[in-house]
Amino acid sequence: MHIEERTMKSEDGSRTYRIRIAKPDQAPPPAGYPTLYVLDANAVFGTAAETANVQGRRSDKTGVPPTLVVGIGYPSEEPFPPDRHYDFTLDDDPAALPLHPQGGQWPPQGGARSFLQFLENRLKPDIARSYAVDTSRQTLFGHSLGGLFALYALFAAPGAFRTYVAGSPSIHWNKRAIETEEAAFAAGGGTGEDIRALIAVGSLEENHKSRMVDRARELAHRLAALNRPGLHVEYRSFEDDNHVSLLPGLISRAIRFASG
């Protein structure tokens, strides 16, 4: 596995991203490498890269082909820098956000639309120019606020990725905005494209005051009930895991799910 790091700017030049790419040692499949785009890379890039590397080495046993892992993070040593708030959220109205537990103010919010444009217009084309990638097998992985963004991307740009993974999605954070996006997605009817969505939680999140588990489960059921051709939805609860501890197991499951 070879790891490269590069710095990229947002389309307007105001934001800086630390991009890390883990390239398998194996040659790409004829169509190119499947690609896993991982949000919150400051926290989970290493886990995702090692998991994909180990499983991809024994494709005959795991069913996982050699996979390119692209981590999207920030120039910070923090695992979850405050910059993520802006990129992963839709609503910047302070009155619509949860109360800050210490009574303070949240970091700037509401940049999800611009961040999706960055992924589509700058990052993905840059990766495709640098590596042999299979553009029909791209996955977006997000957790917590990143899971909220993964849902937004699914609803707003269902053709951008083949697979969307939303772990413990913070639906409560932008509830009205994401419900509006979901309604538009549901009314769209779809094109029959192969789209896979994995929505997952830790079972120990069941009693979280945000109703995180209930909201995720209800959303998965609504999406499955669409019976849309080409749309495959899976809901998964990780037993005895909490909001953070589910990450290694979810990453492993996401890589296998994307290979289905």
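**Charges over rings**

The charged end of arginine 196 is placed over the ring of phenylalanine 257, at 4.3 Å from the ring's centre. Keep in mind as you look around that this is a predicted model.

**Helix H8**

- Helix H8 covers residues 247-258, which makes 12 residues.
- From its first C-alpha to its last, H8 reaches 16 Å, close to the 16 Å expected at 1.5 Å a residue.

- Glycine 142 is found in strand S5, and its relative accessible area of 0% makes it buried.
- Leaving out residues up to four places away in sequence, glycine 142 touches Leu39, Gly147, Ala150, Val165, Ala166 and Gly167.
- Proline 79 is 63 residues from glycine 142 along the chain, and their C-alpha atoms are separated by 14 Å.

**Aromatic rings**

- The count of aromatic pairs comes to 12.
- One of them joins phenylalanine 155 and phenylalanine 185 in a tilted arrangement, with 5.4 Å from centre to centre and 45 degrees between the planes.
- Phenylalanine 155 belongs to helix H5 (residues 145-156) and phenylalanine 185 to helix H6 (residues 175-188), so this pair ties together parts that are 30 residues apart in sequence.
- Phenylalanine 155 is buried at 6% relative accessibility, and phenylalanine 185 is buried at 4%.
- Phenylalanine 185 also has arginine 228 over its face, at 4.3 Å from the ring centre.
- Elsewhere, ring pairs link Tyr17, Tyr74, Phe88, Phe115, Phe118, Phe149 and Tyr152 into a cluster.

- Arginine 15 is in the loop between strand S1 (2-9) and strand S2 (16-23).
- Is arginine 15 buried or exposed? With a relative accessible area of 17%, arginine 15 is buried, because the cut-off for buried is under 20%.
- The side chain of arginine 15 makes a polar contact of 3.5 Å with the side chain of tyrosine 17 and another of 3.1 Å with that of aspartate 87.

**Salt bridges**

- The whole structure holds 19 salt bridges.
- One of them pairs arginine 57 with aspartate 25, whose closest N and O atoms are 2.8 Å apart.
- Arginine 57 lies in the loop between H1 and helix H2 (59-62) and aspartate 25 in the loop between S2 and S3, so the pair ties together parts that are 32 residues apart in sequence.
- Arginine 57 is partly exposed at 45% relative accessible area, and aspartate 25 is partly exposed at 49%.
- Arginine 162 and aspartate 194 form a salt bridge, with 2.9 Å between the closest N and O atoms.
- In that pair, arginine 162 is buried at 13%, whereas aspartate 194 is partly exposed at 42%.
- Glutamate 182 and arginine 222 meet in a salt bridge of 2.7 Å, N to O.
- This pair links helix H6 with helix H7 (residues 212-225), the two residues being 40 residues apart.
- Salt bridges that share partners also join Glu206, Arg211, Asp214, Arg217 and Glu218 into one network.

Methods: Residues are numbered from 1 along each chain as its sequence is written. This is a predicted model: local features need pLDDT of at least 70, side-chain atom pairs count only at pLDDT 80 or more; totals for chains, interfaces and linings use all residues. Side-chain values use heavy atoms; hydrogens and water are left out. Helices (H or I, at least four residues) and strands (E, at least two) are DSSP runs, numbered from the N terminus. Buried means under 20% relative accessible area, exposed over 50%, partly exposed in between (1.4 Å probe, protein chains only). A polar contact is a pair of N or O atoms within 3.5 Å; within protein, one must be able to donate a hydrogen and the other to accept it, and residues adjacent in sequence count only if both atoms are side-chain atoms. The expected span of a helix is 1.5 Å times one less than its number of residues. Rings of Phe, Tyr and Trp (its six-membered ring) pair if their centres lie within 6.5 Å; planes under 30 degrees apart count as stacked, over 60 as edge-to-face and the rest as tilted. A charge sits over a ring if NZ of Lys or CZ of Arg is within 6 Å of the ring centre and within 35 degrees of the ring normal. Contact means heavy atoms within 4.5 Å. A salt bridge is a side-chain nitrogen of Lys or Arg within 4 Å of a carboxyl oxygen of Asp or Glu.
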